[in-house]
Amino acid sequence: MEWSNDLILEFLELYEGEPAIWNPKDPKHKNRNLVHDSWKRIESNLSVKCSVADLKKKKETLMATYRKLLMLNK
C-alpha cells in the first residue's frame with residue numbers, strides 16, 4: 001500500500017490520540033487488550049482499509065526514519 005503524506009498525517013493524528021499505545025505512564029499501557037483495542041480504533045478510523053499489522057509496521061518505519069534523522073542532527 002502506498003502511504004501519501006496526508007494519510008501518514010492522518011495516521012499520526014489517530015496514533016497520538018491513543019496514549020495507551022505510546023505513553024508508558026498511561027495506566028492502560030501495560031494492558032495488552034486495551035492497547036490492542038487502541039490499534040483497532042486506529043484501524044477503523046483510518047480513511048483507508050489497513051490491518052493492525054500494517055499500521056504497526058508503518059509506525060516502526062516512521063520511527064526508524066525519525067531515529068536516523070535524529071542521529072544526523074547531533
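Tyr15 is buried, at a relative accessible area of 15% (buried means under 20% relative accessible area, with a 1.4 Å probe and protein chains only). The model is a predicted one, in which local features need pLDDT of at least 70, side-chain atom pairs count only at pLDDT 80 or more, and totals for chains, interfaces and linings use all residues. Residues are numbered from 1 along each chain as its sequence is written, and side-chain values use heavy atoms, leaving out hydrogens and water.

The structure holds 3 aromatic pairs (rings of Phe, Tyr and Trp, the latter by its six-membered ring, with centres within 6.5 Å; planes under 30 degrees apart are stacked, over 60 edge-to-face and the rest tilted). Trp3 and Phe11 form an edge-to-face pair, 5.8 Å centre to centre with 70 degrees between the planes. Phe11 is buried at 0% relative accessibility, and Trp3 is buried at 14%. The rings of Phe11 and Tyr15 have centres 5.9 Å apart and planes at 35 degrees, so this pair is tilted. Ring pairs link Trp3, Phe11, Tyr15 and Trp39 into a cluster.

The axes of α3 (residues 32-45) and α4 (residues 52-72) come within 9 Å and cross at roughly 95 degrees (axes are lines fitted to C-alpha atoms, for helices over the stretch in contact, and angles run from 0 to 180 degrees between N-to-C directions). This makes α3 roughly perpendicular to α4 (65 to 115 degrees). Trp39, Lys40, Ile42 and Glu43 of α3 meet Val52, Leu55, Lys56 and Lys59 of α4 (contact means heavy atoms within 4.5 Å).

How values were computed:
Helix = DSSP H or I, 4+ residues; strand = E, 2+ residues; numbered from the N terminus. Parallel < 35°, antiparallel > 145°, perpendicular 65-115°, else oblique. Buried < 20%, exposed > 50% of the residue type's maximum accessible area, 1.4 Å probe, protein only.
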